[in-house]
Amino acid sequence: MTGASECESVTLDLLKKKMTDFAKERDWQQFHSPRNLLLALVGEVGELSEIFQWKGEVPKGLPDWKEEEKVHLGEELSDVLLYLVQLSDICGIDLGKAALRKVQLNAIKYPVSNQQSQASINSSQAG
Ligand SMILES: Nc1ccn([C@H]2C[C@H](O)[C@@H](COP(=O)(O)OP(=O)(O)OP(=O)(O)O)O2)c(=O)n1
């Protein structure tokens, strides 16, 4: 499977298609049930967690990490995303639409208070 070329923008639909093709070519669709994909996803979340395990808190941007550690992190993040995309697909959920709707619901559930708005205006003016 090739990576995204420079002119190819990465969308959830593109990832979904690539993973569908990947499974079809190997005749692995038989194994990709919702439950199996969920367990695979959880396993990859475990592998992602291992990268941070015992490190204590790490600064944003991971400035002290070696390049190979960041590459490994990117791989584990991708595994989580790719299983999530496949799980959503097999369950008939449009993940992009569902996520956008959830962003809207979050904004309703957690409205920006006047106090917080004023604080962010003040800090942007100060900077
Ligand atoms: N039945 C499968 C097996 C793999 N994959 C894809 C999704 C993930 O992106 C990646 C997971 O592959 P591995 O199970 O080999 O996991 P790792 O890449 O994390 O390897 P390891 O566990 O050895 O670190 O391959 C898949 O879609 N369906």
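Ala, Val, Leu, Ile, Met, Phe, Trp, Tyr, Cys and Pro count here as nonpolar, and Asp, Glu, Lys and Arg as charged. The views below show a predicted model.

**View 1. Residue classes in the shell around the ligand.** Six residues of this shell are nonpolar and two are charged, while no polar residue takes part. The residues concerned are Met19, Phe22, Trp28, Phe31, Glu47, Asp79, Leu82 and Tyr83. Two or more residues of the shell come from each of helix 1 (12-25) and helix 3 (67-90). Helix 3 gives the largest share, three residues.

**View 2. The crossing of helix 2 and helix 3.** The axes of helix 2 (residues 34-52) and helix 3 cross at roughly 160° and come within 9 Å of each other. Helix 2 is therefore roughly antiparallel to helix 3, as angles over 145 degrees are counted that way. The crossing of the two helices, helix 2 and helix 3, is left-handed.

**View 3. Span and cover of helix 4.** Helix 4 covers residues 95-109, and at 1.5 Å a residue its 15 residues should span 21 Å. The C-alpha atoms at its ends lie 20 Å apart, which agrees with that expectation.

**View 4. Elements of the chain.** The secondary structure comprises five helices and zero strands. Read from the N terminus, the order of elements is α-α-α-α-α. Of the 127 residues in the chain, 6% count as buried.

Definitions and conventions. Residues are numbered from 1 along each chain as its sequence is written. This is a predicted model: local features need pLDDT of at least 70, side-chain atom pairs count only at pLDDT 80 or more; totals for chains, interfaces and linings use all residues. A residue is near a molecule or strand if its C-beta atom, placed from the backbone, lies within 6 Å of it. Helices (H or I, at least four residues) and strands (E, at least two) are DSSP runs, numbered from the N terminus. The expected span of a helix is 1.5 Å times one less than its number of residues. A residue is buried if 20 or more other C-beta atoms lie within 10 Å of its own, exposed if 12 or fewer, and partly exposed in between; C-beta atoms are placed from the backbone. Axes are lines fitted to C-alpha atoms, for helices over the stretch in contact, and angles run from 0 to 180 degrees between N-to-C directions. Angles under 35 degrees count as roughly parallel, over 145 as roughly antiparallel, 65 to 115 as roughly perpendicular and the rest as oblique. A crossing is left-handed if the near helix is turned anticlockwise from the far one by less than a right angle, and right-handed if clockwise.
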